[in-house]
Amino acid sequence: MAGEVVMDAGFIGLGVMGQPMALNLTRAGMKIVVWNRSAARSEPLRAAGAKVAARPIEVFEQARTVILMLANDTAIDAVLGRGTPVFETYVARHAIVHMGTTSPEYSRELEADIRAAGGAYVEAPVSGSRKPAEAGRLVAMVAGEPPGTEDVLPLLRSMCHETIGFGPVPNALLMKLSVNLFLITMVTGLAEAAHFADRHGLDLQRFVSVLNAGPMASSVSQTKAAKLVDRDFTVQAAISDVLDNNCRRIAEAARAAGIASPLLDVCHALFGESAALGLAGTDMVAVIRAIEERTAATIRATLR
């Protein structure tokens, strides 16, 4: 492959999470080269001192470690040229760090293909949303074969305040799905509780005060409760991501293992209803709109 390896890392995927993560790498003094399908998302990185590539191949030419923070397996395969002759050219002698959320089975197969092509693979999904990403307060779950996993730790520490190892692939993604199952049910429960209080005529600011003063308070509940009170649905973790990359992935993994997931199944339905209301691009707290629609349907049924 032509080009000179001069960067500490490459970073592909500058979305809601990826952009602040890449910015934290530059702020930590890392030399990085970035690429994003929508070029405008790269401009804050350019201003921060990162090199902006015109094509993905330039990232692989200039960095041996390439971080992927992409939406799904289709986007990953497209960037890597998986299934085409360029795949081996891209990944050979490179460490590919997969930090997004895909199915565990996809990650297992991707690792096998990358290793067969002469590359190393590290699975490093993160727990957190846009605000923790901006603050460098993400938690990384890491799986893969050493020394690849050890080599990427300095990069991960520039983006995450905690890095926890989980052995072989796909254990990190299985842990990510486990953690996100709790997150999804917690935020959905919070939305339903706020709806319950509101429909009983209670002051939602006082609802939040009680919640924040008690044992159930957390950084998530504090942030999401404030958004519910303000009806602020600006995205931190989008409903589309919760639905497609989390609810669906968790349900599939549960069914494959013969595991019951009753709470997840209810949430899955509610997030699907939220997306059908045109809210796919809004924050996950907008699931309250699906709950409100169910209440409205109940009222309509009693008036017939």
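Begin the tour at Arg-231, which counts as partly exposed because its relative accessibility is 40%. This is a predicted model. Arg-231 sits in the loop that runs between helix H12 (219-230) and helix H13 (239-257). Display its backbone: phi is positive, about 55 degrees, although the residue is not a glycine. Most residues other than glycine have a negative phi, and most peptide bonds are trans.

Next, select Arg-93, in the loop between helix H5 (86-91) and strand S5 (95-98). Here too phi is positive in a residue other than glycine, with a value near 65 degrees. Arg-93 counts as exposed, because its relative accessibility is 57% and the cut-off for that class is over 50%.

Turn now to the peptide bonds. Select Pro-146 and Pro-147, which are joined by a cis peptide bond with omega of about 5 degrees. Pro-147 belongs to the loop between strand S8 (138-144) and helix H8 (148-151). Then move to Val-169 and Pro-170, where a cis peptide bond has omega of about 10 degrees. The loop holding Pro-170 lies between strand S9 (160-165) and helix H10 (171-199).

Finally, select helix H4 (residues 73-80) together with helix H6 (residues 104-116). Their axes are 12 Å apart and the packing angle is about 10 degrees; the two helices are therefore roughly parallel to each other. To view the contact, show the side chains of Asp-73, Ile-76, Asp-77 and Leu-80 in H4, which meet Tyr-106, Leu-110 and Ile-114 in H6. The residues of this contact comprise five nonpolar and two charged, with no polar ones.

How values were computed. Residues are numbered from 1 along each chain as its sequence is written. This is a predicted model: local features need pLDDT of at least 70, side-chain atom pairs count only at pLDDT 80 or more; totals for chains, interfaces and linings use all residues. Side-chain values use heavy atoms; hydrogens and water are left out. Axes are lines fitted to C-alpha atoms, for helices over the stretch in contact, and angles run from 0 to 180 degrees between N-to-C directions. Helices (H or I, at least four residues) and strands (E, at least two) are DSSP runs, numbered from the N terminus. Angles under 35 degrees count as roughly parallel, over 145 as roughly antiparallel, 65 to 115 as roughly perpendicular and the rest as oblique. Contact means heavy atoms within 4.5 Å. Ala, Val, Leu, Ile, Met, Phe, Trp, Tyr, Cys and Pro count as nonpolar, Asp, Glu, Lys and Arg as charged, and the others, Gly among them, as polar. Buried means under 20% relative accessible area, exposed over 50%, partly exposed in between (1.4 Å probe, protein chains only).
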